[in-house]
Amino acid sequence: MTPPAARGYFTVDEVRAAETELFKQVADGVPMRRAARGLADVVAAELRERTGGITGRSVTLLVGSGDNGGDALWAGSMLRRRGVAVSAVLLSPERAHAEGLAALRRTGGRIRDDPGSPDLVVDGIVGISGRGALRPAAAKLVAAVDVPIVSADLPSGVDPNTGAVDGPAVRADVTVSFGAYKPVHALAAPSCGRIELVPIGLELPEPNLAALEPVSIGADWPVPGPADDKYTQGVTGICAGSATYPGAAVLCTGGAVAATSGMVRYAGTGSADVLAHFPEVIAAQSVSETGRVQAWVFGPGAGTGDAARERLSEILATDLPVVVDADGLTLLAAEPGLVTGRRAPTVLTPHAGEFARLTGREPGPDRVAAVRALAEDWQVTVLLKGRATLVAGPGRAVLVNEAGGSWAATAGSGDVLSGILGALLAAGRDPSWAAAAAARVHALSANLAAHAHGTAGAPVSASPVLHHIRPAIQTLRALAETS
């Protein structure tokens, strides 16, 4: 069976529509029982992993009103049948799911006023219909919990569509998603912990938000074939660096070299530094003298003066794919017309501050809507950096890459990312795919660098990230070869 190329994430409205169709096809209560059974299985597995068994262990359910609370109550009744001591704290007793509560009571579950001292807590406070932070009573209960939390569908208090947290919220160790992954699972991964999907029979549409699967990136990463030469593999042009920021030229060029570009040509004032690190690069002083390239990267450390503006204008006047980063984005913020009428693929790679300069506003809590709007308004592909990096192209699904940590949050790391992305564009890859794949390799490189340098969980400098690009690509390709 061929692994899926991408994992879809579905909004509340999309999930509700799929649930409505499912309810027409199955008996009343069947979807909830399926969800509850999956939740109970995950909780039981967690108990075994953490305590060595389940019989005699204790679980407390934090139960809100509605179906999410019902999922937790039914799961509690199933755990009771396996020998787990189960108690429930009802946040809205008069609105608790009647059938689920009756099932818990029939199996000997208890109702209590506080979490007590369980081995594990199940968060069934708020489901996908909830909005906003936890209310005071729920927030007080959650604050008192000092054991692992398994959340039903999503961590309560975190917005299901945007992942925004604007007050007290659950921070789960495990989240059990029912029927479909939701945007929160990618956009607020630190709040979700490990994510387990429980199928309940939903028929879902094509996703508007998706993540490329690592195995598919490895399978599609450009590698030379038997008839390839240095030109057919893609020639990447890099225009980066300056007397003030010579390292940016090295890092950006190095990213393209390490990403297996067939040839890298450099245009700029930093050729001596670039060649000292990468003698295989072909260097020139100007864009016009660079020679044939198949994609350009402009911006890291390039400056924002008249000379830099002229180089950017010259590059954007070509019919080649172009990546614009860093100082190039500052120039575009002052003169959007340089890019908005362009027909060739253009990829902008802002962080939140650069996004604000380009648009006049912060991305805000709904980052997906923000990045999609910029892509449509300017008719470009936009890679919005962050732990959950978002890639939007006009009329395309938004792609998300959850980095799994903040190892890449370090000066110069974005220069490396731009070089990787430029190499993929030069190899002829689709701009959205190239941006998302580059973000995945970049994140994995930072992860590998952090572990190799004994700083896992903390940022590393950009140079180790650069040096782990090839091992990251090898890791993804190995996944593809063994799948």
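These legends accompany close-up views of a predicted model.

**View 1. Helix H2, residues 30-51.** H2 has 22 residues. From its first C-alpha to its last it reaches 31 Å. That is close to the 32 Å expected at 1.5 Å a residue. Several of its residues are buried, including Pro 31, Met 32, Ala 35 and Ala 36. Further along the helix, the buried residues include Gly 38, Leu 39, Ala 40, Val 42 and Val 43. Ala 44, Glu 46 and Leu 47 are also buried. Gly 52 follows H2. The phi of Gly 52 is positive, near 90 degrees.

**View 2. Helices H14 and H15 packed together.** H14 covers residues 352-359, and H15 covers residues 367-378. Their axes lie 12 Å apart, at an angle of about 45 degrees. The two helices are therefore oblique to each other. H14 passes H15 in a left-handed crossing. On the H14 side, the contact is made by Phe 355, Leu 358 and Thr 359. On the H15 side, Ala 370, Val 371, Leu 374 and Trp 378 take part. Six residues of this contact are nonpolar and one is polar. None is charged.

View 3. Gln 379 sits in the loop between H15 and strand E16 (381-384). Its relative accessibility is 45%, so Gln 379 counts as partly exposed. What is the phi of Gln 379? It is positive, about 55 degrees, although Gln 379 is not a glycine. Most residues other than glycine have a negative phi.

**View 4. Ala 326, between a strand and a helix.** Ala 326 lies in the loop between strand E14 (322-324) and helix H12 (327-334). Its phi is near 55 degrees, a positive value in a residue other than glycine. Is Ala 326 buried or exposed? With a relative accessible area of 16%, Ala 326 is buried, because buried means under 20%.

**View 5. Helix H16, residues 413-426.** H16 has 14 residues. At 1.5 Å a residue they should span 20 Å. The end C-alpha atoms are 20 Å apart, which agrees. How many residues of H16 are buried? The count is 14 of the 14, so H16 is largely enclosed by the rest of the structure. H16 is followed by Gly 428. The phi of Gly 428 is positive, near 90 degrees.

**View 6. Ser 418 and its contacts.** Ser 418 is found in helix H16. At 1% relative accessibility, Ser 418 counts as buried. Which residues does Ser 418 touch, not counting those up to four places away in sequence? They are Cys 252, Val 297, Pro 300, Val 323, Asp 325 and Thr 349.

**View 7. Ser 271, in helix H10.** H10 spans residues 271-277, and Ser 271 belongs to it. Ser 271 has a relative accessible area of 14% and is buried. Its neighbours within four places in sequence are left aside here. Beyond them, Ser 271 is in contact with Tyr 266, Ala 283 and Gln 285. Leu 202 gives a sense of distance across the model: Ser 271 and Leu 202 are 69 residues apart in sequence. In space they are 56 Å apart, C-alpha to C-alpha.

Conventions: Residues are numbered from 1 along each chain as its sequence is written. This is a predicted model: local features need pLDDT of at least 70, side-chain atom pairs count only at pLDDT 80 or more; totals for chains, interfaces and linings use all residues. Side-chain values use heavy atoms; hydrogens and water are left out. Helices (H or I, at least four residues) and strands (E, at least two) are DSSP runs, numbered from the N terminus. The expected span of a helix is 1.5 Å times one less than its number of residues. Buried means under 20% relative accessible area, exposed over 50%, partly exposed in between (1.4 Å probe, protein chains only). Axes are lines fitted to C-alpha atoms, for helices over the stretch in contact, and angles run from 0 to 180 degrees between N-to-C directions. Angles under 35 degrees count as roughly parallel, over 145 as roughly antiparallel, 65 to 115 as roughly perpendicular and the rest as oblique. A crossing is left-handed if the near helix is turned anticlockwise from the far one by less than a right angle, and right-handed if clockwise. Contact means heavy atoms within 4.5 Å. Ala, Val, Leu, Ile, Met, Phe, Trp, Tyr, Cys and Pro count as nonpolar, Asp, Glu, Lys and Arg as charged, and the others, Gly among them, as polar.
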